[in-house]
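The sequence and structure come before the details.

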Amino acid sequence: MIRPVTRRQLLRAGGAGAVGVGLAGVAGCSTLSTSGVSTPQSFEVPLPIPPVEHGRMTGGLRTFALRAQEGTWQFRPGQGPSTPPASTWGFNGPYGGPTLRANVGDRVAIEVRNDLPESTTTHWHGMHLPAEMDGGPHQMIAAGDMWRAEWRIDQAPCSLWYHPHPHGRTERHVYRGLAGMFWLDDPEDPVAEQLPHTYGVDDIPVVIADKSFDDSGELIIDDGGNEVGFLGDLVTANGVAGARFDVTSELVRLRILNASTARTYSLGLADRQVQMIASDGGMLRAPVRLDRVRLSPAERAEILVRMEPGEELMLHSFEPDLGDVAVPFAVGANDSFDVLRLVADQTLSPSSAAPKQLAEFGLDPGGAAVRREFRLAGRQINGRRMDMSRIDTTVTVDTTEIWTAINDDVFPHNFHVHDVQFEVLSVDGAEPGPELRGRKDTVYLEPGKPVELLMRFTDYTDAQIPYMYHCHLLRHEDEGLMAQFVVVAPGEEADPSMIAGQAHGRH
Ligand code: C2O
Ligand code: CU
């Protein structure tokens, strides 16, 4: 397999903008790659389905055990003779992690054991929970130690995920493989029954991540300082390139997570639209038909694909519209490639059509008592780089707020807020597209276009332990594009005494 490292060499050579085409091309590929992404020779590897974990129920508490560990993993099975496995990290296995499932209303406990050679954390991305259980950079787990988080699941059913969050090292930890999905179910929701819901059969986790390998087959992440962060030249689904999934029902539900550290995808099918039913934090109000689903790092989308018996489809990532970026090819905007082949059986079990109404929700923008503005530029938010010992923002519990996030650069950023699911009120002053009208925790920021987010902070107050908000392009986050907020009781003030004296910058 050819490794098209040309883009990096071009960037290093200062050739930005000079060359936009002809960067790659692999003999015998099924799609012409216009980019720094190579196409696998075939899509015949069965899509690995991460094991599902429901935890252990004792006395009304659902307890999960996770172990972060080292291992080796074959990302390119069957793609040529000389592809040795790579050294990887994973939860309860060599790479990735089990899909955790809990019910809305459950009390859950998660015991995380760190058997890695260095400290890490485990963050429950998109979860509404107390700050001390969040698994952010203040909840470090030393090598050899165990950390226990416990909270009550109190939010809409949705597809969340979990990953490390050690300040300055998140990109490397996630890239090596520490990422799994965390699905929340509501057994009483009639809509759930009417959607495909058999795990691994018609309800499929699809974790997309891009990787690069050195000549000995090990993962490489040092890309010579690309502004956007790491862009791999091989795109994997659930850890393998060239994956194929055999569809056995008329309708298949893909719960897609972009677990990449920097790459944004624009997913779709060549000849038809997909039906999107859910975004980061739960179901949309109604299904929407879309040509493409843009997913920046950490965003999720659930889509339904209807197939005919014997039919084949390719889930493809088209050139993503990243907005008005200065050097499109250098940030992945010219990349298009295949991701996952869907092959339908000759006989398919019948699936009912998706319900017309999926969920009801909505905060009242008129109830917003506070407005804040966050400008992302370089590695700073509002002119300040992340400082572990500083609380940047203090929010009063039971307050609805409007946060405006603005990308002041000419390259991509996105914006993620811990603890809440927000609604996108506007993008550059206009109504957001239908795919953004759900509950979200992460949103892409096109250069120069303010994005207004409506959110409400409830339940948990802690004046001392902060939650994070940050760019989820992980190199940006690691290098300081992150800040901290606390949620306090009315009249209470932030108290940084506990985090005072913590390391400021990168490790
Ligand atoms: Cu997915 Cu602050 O993280
Ligand atoms: Cu960024």
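A polar contact here is a pair of N or O atoms within 3.5 Å; within protein, one must be able to donate a hydrogen and the other to accept it, and residues adjacent in sequence count only if both atoms are side-chain atoms. By that rule, 23 residue pairs, both at pLDDT 80 or more, are in polar contact between domain 2 and domain 3. The model is predicted.

**Domains**
- The domain assignment divides the protein chain into domain 1 (7-40 + 196-349), domain 2 (45-191) and domain 3 (365-488).
- Taken over C-alpha atoms, the centres of domain 2 and domain 3 are 24 Å apart.
- Domain 2 puts 28 residues into the contact, and domain 3 puts in 24 residues.

**Interface of domain 2 and domain 3**
- About 2100 Å² is buried between domain 2 and domain 3, and carbon and sulfur atoms give 57% of that area.
- One salt bridge is found across this interface.
- On the domain 2 side, strand E8 (123-125), strand E10 (158-163) and helix H2 (170-175) are the elements that each give two or more residues to the side touching domain 3.
- Arg 475 and Glu 171 form a salt bridge, with their closest N and O atoms 3.1 Å apart.

- Cys 471 and His 476 are both buried.

Definitions and conventions: Residues numbered from 1 in each chain as written. Chains lettered and ligands numbered in written order. Predicted model: local features only at pLDDT ≥ 70, side-chain atom pairs only at ≥ 80, totals over all residues. Heavy atoms only, no water. Buried < 20%, exposed > 50% of the residue type's maximum accessible area, 1.4 Å probe, protein only. Domains from an automatic or database assignment. Contact = heavy atoms within 4.5 Å. Buried area = accessible area lost by both parts, 1.4 Å probe. Salt bridge = Lys/Arg side-chain N within 4 Å of Asp/Glu carboxyl O. Helix = DSSP H or I, 4+ residues; strand = E, 2+ residues; numbered from the N terminus.
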